[in-house]
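Let's take a friendly walk through this structure together. Have the viewer open and follow along.

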Amino acid sequence: MKRCSWVKESNPLYVTYHDTEWGKPLHDDQALFELLCLETYQAGLSWETILNKRVSFNQAFYDYDVAKVAQMSDDELEALLQNPAIVRNRRKIYVTRSNAQVFMKVQEAFGSFDAYLWSWVGNTPIVNDVEDYATFPASTSLSEELSKDLKKRGFKFVGPVCVYSFLQAAGLVNDHEVDCDFK
């Protein structure tokens, strides 16, 4: 089976992530919250690092139950800074809680985060015919506009590059290479 060129075949987590998740339209709010958090953790790091720590992040953040994360105490967050199984960046750890609080406000305003997010693409994935992933942009006008709106709502660590990666991962933008068998 042919995969996108960015997939590290030597890492089974990469292969599984690509084959079963990346680029597949995602509509579950809890899964969208997890994915958004993972993308924010990636800032300045490799996706491989984040995938390798994904299980531990899920354990640390109540499987990304938004309401539970939004209510985490400072003591709980401080304790996570001692956990070597996750990325121990104070800003990223604390942003997880504040982003959960904002996420819930978006859910309240739009009925779901899914409804808010998918409205940006008219509820239909954007399909790009990517010949070579290495030549594709790191951000687009869509990710720049969505990034601005997310920031205006109070989200943090949601720059245009992070948002574009999120849109790709959640299937709002299909950037599988044209010869990939998993599009």
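What follows looks at a pair of helices and then at some salt bridges. Keep in mind that this is a predicted model.

Start with helix H2 (residues 29-42) and helix H6 (residues 90-110), whose axes come within 11 Å and cross at roughly 145 degrees. The crossing of H2 past H6 is right-handed. On the H2 side, the residues in contact are Asp-29, Phe-33, Cys-37, Thr-40, Tyr-41 and Gln-42, and they meet Lys-92, Thr-96, Asn-99, Ala-100, Phe-103 and Gln-107 of H6. Sorted by class, this contact holds five nonpolar, five polar and two charged residues.

Now turn to the charged side chains: the whole structure contains 10 salt bridges. One of them joins Asp-19 to Arg-3, with N and O 2.6 Å apart. Because Asp-19 sits in helix H1 (residues 12-20) and Arg-3 in the segment before H1, this pair ties together parts that are 16 residues apart in sequence. Both Asp-19 and Arg-3 are buried, and together with Glu-9 they are linked in a network of salt bridges.

Next, find Glu-21 and Arg-54, which form a salt bridge with their closest N and O atoms 2.8 Å apart. Glu-21 lies in the loop between H1 and H2 and Arg-54 in helix H3 (residues 47-60), so here the parts tied together are 33 residues apart in sequence. Glu-21 is partly exposed at 30% relative accessible area, while Arg-54 counts as buried at 16%.

Finally, Asp-149 forms a salt bridge with Arg-153, at 2.7 Å between the closest N and O atoms. These two are four residues apart in helix H8 (residues 141-153), so about one helical turn separates Asp-149 from Arg-153. Asp-149 is buried at 11% relative accessibility, whereas Arg-153 is partly exposed at 31%.

Terms used
Residues numbered from 1 in each chain as written. Predicted model: local features only at pLDDT ≥ 70, side-chain atom pairs only at ≥ 80, totals over all residues. Heavy atoms only, no water. Axes fitted to C-alpha atoms, helices over the stretch in contact; angles between N-to-C directions. Left-handed = near helix turned anticlockwise from the far one by under 90°. Contact = heavy atoms within 4.5 Å. Nonpolar A, V, L, I, M, F, W, Y, C, P; charged D, E, K, R; others polar. Salt bridge = Lys/Arg side-chain N within 4 Å of Asp/Glu carboxyl O. Buried < 20%, exposed > 50% of the residue type's maximum accessible area, 1.4 Å probe, protein only.
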